[in-house]
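Subject: Structure handover

Hi,

Here is the structure I promised to pass on. My notes on it follow below.

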Amino acid sequence: MKTKTLKKNKVNVVTLGCSKNIFDSEVLMSQLKANQFDVEHESMEDDAEIVIINTCGFIDNAKQESIDTIIRYAEAKAEGLVSKVYVTGCLSERYKDYFKIAEGCDRPCSFCAIPIMRGKHVSTPIDELVNSAKSLAAKGVKELMLIAQDLTYYGLDIYKKRNLAELVDKLSEVEGIEWIRLHYAFPAGFPMDVLDVMSTKSNVCNYLDMPLQHGSTKILQAMRRGITREKTEELVNEIRAKVPNIALRTTLIAGYPGETEEDFQEMYEFVEKMRFDRLGIFSYSHEDNTHAYNFEDDVPANVKKERADKIMELQAGISYELNQLKVGKQFKVLFDRVEGDYFIGRTEFDSPEVDNEVLVLKSEGYLRIGDFATIEITSADHYDLYGKIVS
Ligand code: SF4
């Protein structure tokens with residue numbers, strides 16, 4: 001490996017594409033300077049510790065130039081000539097979109113400040129969302145992540161009924177959208193008819209992100225989640241019965257006020273039993289103006305962390321076992337980026353940044369960022385799958 005003395009805190013900003021990108025880079029550079037970074041623009045010296053590539057992805061030539069530049073700096077990083085490479089701008093945004101279908105939340109969850117900050121739930125009408133999806137598809141977006149604080153509530157305010165299924169069905173008809181995935185469904189009252197759309201429409205990913213928060217009825221009630229442990233289990237089983245290969249992602253909280261060792265054990269057993277495909281856990285954070293703020297934040301920080309770590313350790317084992325079942329199977333994979341020796345992508349069961357990734361060696365062949373390919377999984381670890389190109 002080559003080595004070179006990199007100037008610490010020196011940032012090289014590389015701009016590709018249109019004048020909007022040049023403007024964005026200028027804003028970025030002045031912010032970096034204000035934060036005491038030593039900034040240079042498009043230096044070929046490779047003496048900066050950090051490289052930020054502001055990409056363009058809307059015209060084919062610019063797209064190719066962006067990809068070549070990313071590969072050039074990824075290689076410089078592998079050789080030790082640069083220590084960090086960040087990719088920002090249109091190309092990094094092009095193939096997926098942060099597609100918000102509603103704002104705010106009407107739920108009373110005791111630990112959460114979002115309803116106070118964002119106000120009541122307001123759904124965006126279906127027609128408006130379908131039009132936005134069409135214009136995104138025309139720009140090359142292939143994946144829509146349907147985001148709301150509470151997808152379950154979608155439609156109740158404007159249509160007086162839960163209308164997520166109809167929305168997803170109409171979005172699935174938009175030409176060019178190859179993946180639609182659902183993020184943040186509240187468990188109580190979840191509209192099961194959306195699962196019929198998921199099973200029948202091939203471009204609706206068999207993926208559901210449903211934060212469940214805890215596995216003890218006592219704590220769920222204290223959290224004002226409107227559901228018990230038993231009902232949660234029934235719901236998860238019903239979802240799995242309707243869409244057998246669904247990837248369920250959930251999020252939990254460790255150390256809610258009053259959480260005893262026994263309550264934690266219940267959550268542990270819940271995770272062990274339900275075997276979620278993806279799971280994240282946070283330590284409880286005592287937020288001003290929430291209902292839970294009235295109670296004592298009585299679980300010490302180190303205990304919250306220990307409990308969260310134990311759950312993550314358990315989940316790592318579950319994830320490893322589930323990943324081993326994928327070895328030898330073929331999946332459609334969307335490639336997001338190039339890093340070191342690998343092209344990196346995801347299956348329909350994985351959301352960007354939080355879930356598993358599929359790694360294919362660059363020496364395997366050429367894969368275009370933003371394109372799909374069929375990959376056979378050859379090996380797997382806890383959170384990553386390794387594969388070879390089939391087509
Ligand atoms: S946790 Fe989610 S559902 Fe509950 S109040 Fe907060 S945003 Fe709403």
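Two residues are in contact here if their C-beta atoms, placed from the backbone, lie within 7 Å. By that cut-off, and not counting residues up to four places away in sequence, Arg107 touches Pro115, Asp150 and Phe186. Please keep in mind that this is a predicted model.

**Arg107**

Arg107 sits in the loop between strand 6 (102-103) and helix 4 (114-118). It has 17 C-beta neighbours inside 10 Å, so it counts as partly exposed. Gly226 is 119 residues away from Arg107 in sequence. In space, the two are 9.4 Å apart, C-alpha to C-alpha.

**Overall layout**

The protein chain has eleven helices and 17 strands. Its radius of gyration is 23 Å, close to the 21 Å that the globule rule gives for 391 residues, so the chain is as compact as a globular protein of that length. The C-alpha trace spans about 60 × 50 × 45 Å along its principal axes. Buried residues make up 40% of the 391 residues. Take the contacts between residues at least 6 apart in sequence: 74% of them join residues at least 24 apart.

The domain assignment gives domain 1 (7-92), domain 2 (93-324) and domain 3 (330-389). The C-alpha centres of domain 1 and domain 2 lie 35 Å apart.

**Cores**

In soluble globular proteins, nonpolar side chains tend to be buried together. Here, the largest nonpolar core has 80 residues. Which of them touch the most other members? They are Ile101, Phe111, Tyr154, Leu167, Val168, Leu171 and Ile180. Strand 11 (residues 247-254) gives the most to this core, with five residues. Domain 2 and domain 3 each supply at least three residues to this core.

Leaving aside neighbours within four places in sequence, Leu167 is in contact with Ile101, Ile126, Leu129 and Tyr154.

**Helix 9**

Helix 9 has 14 residues. From its first C-alpha to its last it reaches 20 Å, close to the 20 Å expected at 1.5 Å a residue. Arg229, Thr232, Val236 and Ile239 are buried in helix 9. Seen down the axis, the buried residues of helix 9 fall within an arc of 90°, so they line one face of the helix. On the other side of helix 9, Glu230, Glu234, Asn237 and Ala241 are exposed. The cover over the buried residues of helix 9 includes helix 7, strand 10, helix 8, strand 11 and helix 10.

**Helix 10**

Helix 10 (residues 261-274) also has 14 residues. At 1.5 Å a residue it should span 20 Å, and its end C-alpha atoms are 20 Å apart, which agrees. Which residues of helix 10 are buried? Asp263, Phe264, Met267, Phe270 and Val271 are. They cover an arc of only 115° around the axis, which puts them on the same side of helix 10. The face turned away from that buried side carries the exposed residues Glu261, Glu262 and Lys273.

The buried residues of helix 10 pack against helix 8 (217-222), helix 9 (229-242), strand 11, strand 12 (278-283) and helix 11 (301-324). Arg275 follows helix 10 and has a positive phi, near 45°.

Most residues other than glycine have a negative phi, and most peptide bonds are trans. Tyr184 is not a glycine, yet its phi is positive, about 80°. Tyr184 is placed in the loop between strand 9 (179-183) and helix 7 (193-200). Is Tyr184 buried or partly exposed? Tyr184 has 19 C-beta neighbours inside 10 Å, so it counts as partly exposed; the cut-off for buried is 20 or more.

Gln213 is not a glycine either, and its phi is positive at about 70°. Its place is in the loop between strand 10 (204-209) and helix 8. Gln213 has 23 C-beta neighbours inside 10 Å and therefore counts as buried.

Over to you.

Best wishes

Key. Residues numbered from 1 in each chain as written. Core = buried A, V, L, I, M, F, W, Y, C linked by C-beta atoms within 7 Å. Buried ≥ 20, exposed ≤ 12 C-beta atoms within 10 Å, placed from the backbone. Helix = DSSP H or I, 4+ residues; strand = E, 2+ residues; numbered from the N terminus. Domains from an automatic or database assignment. Expected span 1.5 Å × (residues − 1). Arc of directions from axis to C-beta. Rg over C-alpha atoms; globule rule 2.2 N^0.38 Å.
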